[in-house]
Amino acid sequence: MNKLMKKIDRRTLLKWGGLLTVSAMAPSAWANSAGKRYEYTGAVSNSEHFLHGVASGDPTEKSAIIWTRVTTEEETPLVYWEVALDDAFEQIVSTGYAQTDESKDFTVKLDVTELNYGRNYAYRFKYRDQISPVGRLKLAPQNSTAADTLKFIVTSCSHFEHGEFVGYRDMVEREQNIDAVIHLGDYSYASSNSGDYRKFGYSDFKYDRESYRARYSEIRKDAFLQQAHQKHTWMVIWDDGDLRNGVWREGPAINGADFHEAMEIAVETFFLWMPIRYIAPKRIWRSVPYGELADIFFLDMCFYDRDVPIKDMPDNLRKRQPIFEQYDFPGRSIIGQEQAVWFEQAIRTSTARWRIVCSGAPVFEWWDNYSPSAWRAYPQSHQWLLELFAELNNNVVVLSGGLHKAMAAGLALDPFASDYSAGRDNVAVEITAPSLTRGDGGALWYEVADNRSTEKALKKNPHMKFRKGNRAGYLITKFEKDQFVGRWRLYEDVRKISGPRADTYGDVVSEHGKSKIKVVDS
């Protein structure tokens, strides 16, 4: 067991998350007031208490997390919450109080249970004389439910300093009938100011508690992000930007700070601010069933028991192989043995129509590109994953982030073989979510350069079927019984709130049971 794992126990994580499991039937402690409306008779507040909005996340068929943060000078504020079937809160199904304090950064996080799939729920919080914004939550279908369609928005790499969160705005204004937003990591960035558009107010990042909390506090005050959390239920994993750039199990070292203590604080802050359910210390890998249509598997490639990455590798595929043979020691893994055992058992026993794998880093190989955080940078893990997919029923779709590009490709054991055939050799398909804010913009020379890069990439990578590399945006996925469809909303320039409307790229379609991608006009 590593040093960090010894430090973090269940009690600590529950304290960090401030998580309280509550039933839709009022617990006995609140029974006397369960039927009463919240009343406050004190003085009028002279400041805003709900500056960071509300959020919901990690849905099941019967429960979901609801979240807020209260801004107050009170040391142990008691916050009232309620869940209802209507926005007017005339049909309240669950209500109660939750206490928070500085140890939780004044966040409030509840696991509301005994809800019912198919109902539309609204939730809100009250503190003193103020009411939070109203959030909406959507549950996952029951295991026996044969949902006709599932729609997910997929996003990643939302760097606050590189542009406006116009993608979050359009997730609210443009997208309808969404089951959940999936964020594949780099929700926040643990670093000093590095953007070329806007700067953090708290600029000197020191990998201490104050720094991590200040990052989330500033990001969650963004109006577009708040609206996206209000309207949609989210499922989130972290990537290295959320913790420490280039992070792995034991490093890299941090100047002026102890690495393990810094990562303990990073994990603590993530659990405090994200609407994520606690499972075990340092663990965000989990599965979420969505009825008979899909099972979703969330993986952690950047931190949980990840072995040391190999950096400074050549982009050329053939030149990389001898270096891998020299430095890729036996058993070197991107996810560690414990997570690998869990994932293999979980995906093998899944009986869902679609198996959806959410990865913060890409799985597919790319001839002239190398990333030390990608699956291919860990050859043994990469081989194991593809061989595992090959034993399944051609119903695996990988949703990945981290590339900052919109791409779609087939996954095969050797996509560069001279006799490669997508229909015969593909074992799964993969589609990537671009960065929400990191793009080159829509200037003509960027478009021309990216079109040339795309033409070259598609020729050298026969398994790759779509690439758009210079625009930021987000991905929309739709799963039906017989096919999976993906399309992108991509922006010319995310540094302009009033800039051009996002262009739609796609559709990318894969039929169930074939692991083959085709691109059709949207």
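## Close-up views of a predicted model

View 1. The strands involved are β16, covering residues 396-400, and β18, covering residues 426-432. They run in the parallel sense and share four bridges.

**View 2. The open sheet of seven strands.** Let us step back to the sheet as a whole: its strands follow the order β13-β14-β15-β16-β18-β17-β19, and the pairing is mixed. At the edges stand β13 (286-290) and β19 (464-468); each has a single partner strand, so one side of each is left without a neighbour in the sheet. On average, neighbouring strands here are turned by 20 degrees against each other, direction ignored.

**View 3. Helices α9 and α10 against the strands.** Helix α9, residues 336-349, packs on the sheet and touches β13, β14 (294-298) and β15 (354-359). The direction of α9 makes about 175 degrees with that of β14. Helix α10, residues 379-390, lies across β15, β16, β17 (406-412) and β18. Relative to β18, α10 runs at about 115 degrees.

**View 4. Helix α4 beside helix α7.** Here α4 (residues 209-219) and α7 (residues 259-273) have axes that come within 9 Å and cross at roughly 30 degrees. That angle makes α4 roughly parallel to α7, and the crossing is right-handed. From α4, the residues to look for are R209, Y212, R213, Y216 and S217. They meet a set in α7 that includes A262, M263, A266, F270 and W273. Sorted by class, this contact has nine nonpolar, two polar and three charged residues.

**View 5. Two cis peptide bonds.** The bond from G251 to P252 is cis, with omega near 0 degrees. P252 sits in the loop that links α6 (240-243) and α7.

**View 6. F89 and its backbone.** F89 is not a glycine, yet has a positive phi of about 60 degrees. You will find F89 in the loop between β4 (78-84) and β5 (92-99).

View 7. An unreviewed UniProt entry lists residues 52-138 as "domain: Phospholipase D N-terminal". In the model, this span is 0% helix and 51% strand. The C-alpha atoms at the ends of residues 52-138 lie 21 Å apart.

Note on methods. Residues are numbered from 1 along each chain as its sequence is written. This is a predicted model: local features need pLDDT of at least 70, side-chain atom pairs count only at pLDDT 80 or more; totals for chains, interfaces and linings use all residues. Side-chain values use heavy atoms; hydrogens and water are left out. Two strands pair if DSSP finds at least two bridges between them. Helices (H or I, at least four residues) and strands (E, at least two) are DSSP runs, numbered from the N terminus. Axes are lines fitted to C-alpha atoms, for helices over the stretch in contact, and angles run from 0 to 180 degrees between N-to-C directions. Contact means heavy atoms within 4.5 Å. UniProt positions are given in the numbering used here, feature names are shortened, and annotations may be inferred rather than shown by experiment. Angles under 35 degrees count as roughly parallel, over 145 as roughly antiparallel, 65 to 115 as roughly perpendicular and the rest as oblique. A crossing is left-handed if the near helix is turned anticlockwise from the far one by less than a right angle, and right-handed if clockwise. Ala, Val, Leu, Ile, Met, Phe, Trp, Tyr, Cys and Pro count as nonpolar, Asp, Glu, Lys and Arg as charged, and the others, Gly among them, as polar.
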